[in-house]
Amino acid sequence: MLVTILLSLVFIASICLMLYSAVVLVQNKKLFSSAPKDVQAAVQDKPERFKGARLLGWKLIIISIIAICAAFFFAGYNGIQNGFTFWQFFARFLIMLYLYKAFDMVCFDWLLLTKSHFFQHYYPEIEGCESLEKYGFNLKSQIAKLIAFPFISLLGAWLTTELSLKLG
């Protein structure tokens, strides 16, 4: 269980790095596709914060994606090494995804978006957007992910179990 929690923290930290890189360094309007519609409409592309900021941001986003993939690959590898069953793999993947989603809903959607003014600091033009005051603007998307995660975990558990059988 400790490995699962640690890998979940790597996953969450990687998502945080990706968000920071996109908002602070890359600052491209196209990266706001999951933001509320009124925020998307208000956001303007920004000039580069400092020479090389966008390049650094894209490199950090790539590192984040690699770290996320590595967390899940290691979760499978470690499970194979420890003789996990299908249901143990399923539980590990589901715990990782649900811990991330809980963090996303509480820290990103509620704290960062509606309470901290993090985004408004970098995009002052979004100050006053109505959805920044409403928690749950993306409720349908969140529910869809919460429903999809068990199926994704089942697929991951099946693939990892099959790999384990072929290797063992």
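Reply: Accessible areas here come from the Shrake-Rupley method with a 1.4 Å probe, and for residues only the protein chains shown count as cover. On that basis the protein exposes about 9800 Å², of which carbon and sulfur atoms supply 71%. This is a predicted model, in which local features need pLDDT of at least 70 and side-chain atom pairs count only at pLDDT 80 or more, whereas totals for chains, interfaces and linings use all residues. Residues are numbered from 1 along each chain as its sequence is written, and side-chain values use heavy atoms, with hydrogens and water left out.

The pLDDT is the predictor's confidence in each residue, on a scale from 0 to 100. Its mean over the protein is 88, with 96% of the residues reaching 70 or more. Confidence is lowest in helix α2 (residues 37-42), where the mean is 77, and highest in helix α3 (residues 53-81), where the mean is 95. Helices (H or I, at least four residues) and strands (E, at least two) are DSSP runs numbered from the N terminus; by that assignment the protein has six helices and zero strands, and its pattern along the sequence reads α-α-α-α-α-α.

To come to your question, a salt bridge is a side-chain nitrogen of Lys or Arg within 4 Å of a carboxyl oxygen of Asp or Glu, and by this rule two salt bridges are counted. Side chains of opposite charge can pair when their charged atoms come close.

One of the pairs joins the side chains of Glu125 and Lys46, with 2.7 Å from N to O. This pair ties together distant parts of the chain, 79 residues apart, since Glu125 sits in the loop between α5 (118-122) and α6 while Lys46 sits in the loop between α2 and α3. For burial, the terms are buried (under 20% relative accessible area), exposed (over 50%) and partly exposed (in between), again with a 1.4 Å probe and protein chains only. Glu125 counts as partly exposed because its relative accessibility is 26%.

The other pair is Lys101 with Asp104, whose side chains also meet at 2.7 Å, N to O. Because these two residues are three apart in helix α4 (residues 86-115), about one helical turn separates Lys101 from Asp104. Lys101 is buried, because its relative accessible area is 0%, and Asp104 counts as buried too, at 9% relative accessibility. For the protein as a whole, 40% of the 168 residues count as buried.

In helix α5 lies Gln120, which counts as buried at 6% relative accessibility; leaving aside neighbours within four places in sequence, Gln120 is in contact with Leu113, Ile126, Glu127 and Leu132. In helix α6 (residues 139-167) lies Ser153, which is buried with a relative accessible area of 1% and, residues up to four places away not being counted, touches Phe90, Phe93, Leu94 and Leu97. Among contacts in the protein with a separation of 6 or more, residues 24 or more positions apart account for 76%.

After α1 comes Gln27, which has a positive phi of about 50° although it is not a glycine. Most residues other than glycine have a negative phi, and most peptide bonds are trans. Gln27 belongs to the loop between α1 and α2 and is buried, with a relative accessible area of 3%.

Methods: Contact means heavy atoms within 4.5 Å.
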